[in-house]
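Trainee: I've got a new model open and I'd like to learn how to read it. Can you walk me through it?

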Amino acid sequence: MTDILYKVYRFYVDGFRSMTVGRVLWTVILIKLVVIFLVLKLFFFPDVLKQKAADGDRAGYVARELIER
C-alpha cells in the first residue's frame with residue numbers, strides 16, 4: 001500500500017517540477033484566491049454580529065433573531 005502511495009506522490013511531484021506554463025497559471029490562481037477571500041471579505045462582508053450584539057452576547061442575539069423571525 002505504501003509503495004502505491006509513494007508512486008502517486010512521485011508522479012505528482014515530478015509533474016509539478018517539469019511545469020513551465022503551469023507554474024505561472026498556478027501563481028495567478030493563488031493570487032486570485034487571496035484577493036477573493038481576503039480583500040473582498042474585509043471590505044464587503046462586515047462582521048454583523050460584532051456590530052449588533054451588545055456586550056459580546058452573540059448567542060443571545062442570534063437566539064432573539066431566530067425567535068422573532
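This is a predicted model: local features need pLDDT of at least 70, side-chain atom pairs count only at pLDDT 80 or more; totals for chains, interfaces and linings use all residues.

Trainee: What radius of gyration does the protein chain have, and what would a compact globule of 69 residues have?

Mentor: The protein chain has 23 Å, whereas a compact globule of 69 residues would be near 11 Å. Along its principal axes, the C-alpha trace spans about 55 × 35 × 20 Å.

Trainee: How many helices and strands does the protein chain have?

Mentor: There are 4 helices and 0 strands. Reading along the sequence, you get the pattern α-α-α-α.

Trainee: Next, burial. What share of the 69 residues is buried?

Mentor: Buried means under 20% relative accessible area. In the protein chain, 7% of the 69 residues are buried. The accessible surface comes to about 6700 Å², and 70% of that belongs to carbon and sulfur atoms.

Trainee: And charges? How many positive and negative side chains are there?

Mentor: The protein chain carries 11 positive and 7 negative side chains, and the centres of the two sets lie 11 Å apart.

Trainee: How many salt bridges does a search of the whole structure find?

Mentor: First the general idea: side chains of opposite charge can pair when their charged atoms come close. Here the search finds 5 salt bridges. One of them joins Asp3 and Lys7, with the closest N and O atoms 3.7 Å apart.

Trainee: How far apart are Asp3 and Lys7 in helix α1?

Mentor: They sit 4 residues apart in helix α1 (residues 2-17), so about one helical turn separates them. Asp3 is partly exposed at 44% relative accessible area, while Lys7 counts as exposed at 53%.

Trainee: Which residue forms a salt bridge with Arg10?

Mentor: That's Asp14, and the closest N and O atoms are 3.3 Å apart. Arg10 and Asp14 are 4 residues apart in helix α1, so again about one helical turn lies between them. Arg10 is partly exposed at 26% relative accessibility, and Asp14 is partly exposed at 38%.

Trainee: What about Glu65 and Arg69: where do their side chains meet?

Mentor: In a salt bridge, at 3.1 Å from N to O.

How values were computed: Residues are numbered from 1 along each chain as its sequence is written. Side-chain values use heavy atoms; hydrogens and water are left out. Helices (H or I, at least four residues) and strands (E, at least two) are DSSP runs, numbered from the N terminus. The radius of gyration is taken over C-alpha atoms; the globule rule is 2.2 Å times the number of residues to the power 0.38. Buried means under 20% relative accessible area, exposed over 50%, partly exposed in between (1.4 Å probe, protein chains only). Accessible areas come from the Shrake-Rupley method with a 1.4 Å probe; for residues, only the protein chains shown count as cover. Lys and Arg count as positive and Asp and Glu as negative; His and the chain ends are not counted. The place of a charge is taken as NZ of Lys, CZ of Arg, CG of Asp or CD of Glu. A salt bridge is a side-chain nitrogen of Lys or Arg within 4 Å of a carboxyl oxygen of Asp or Glu.
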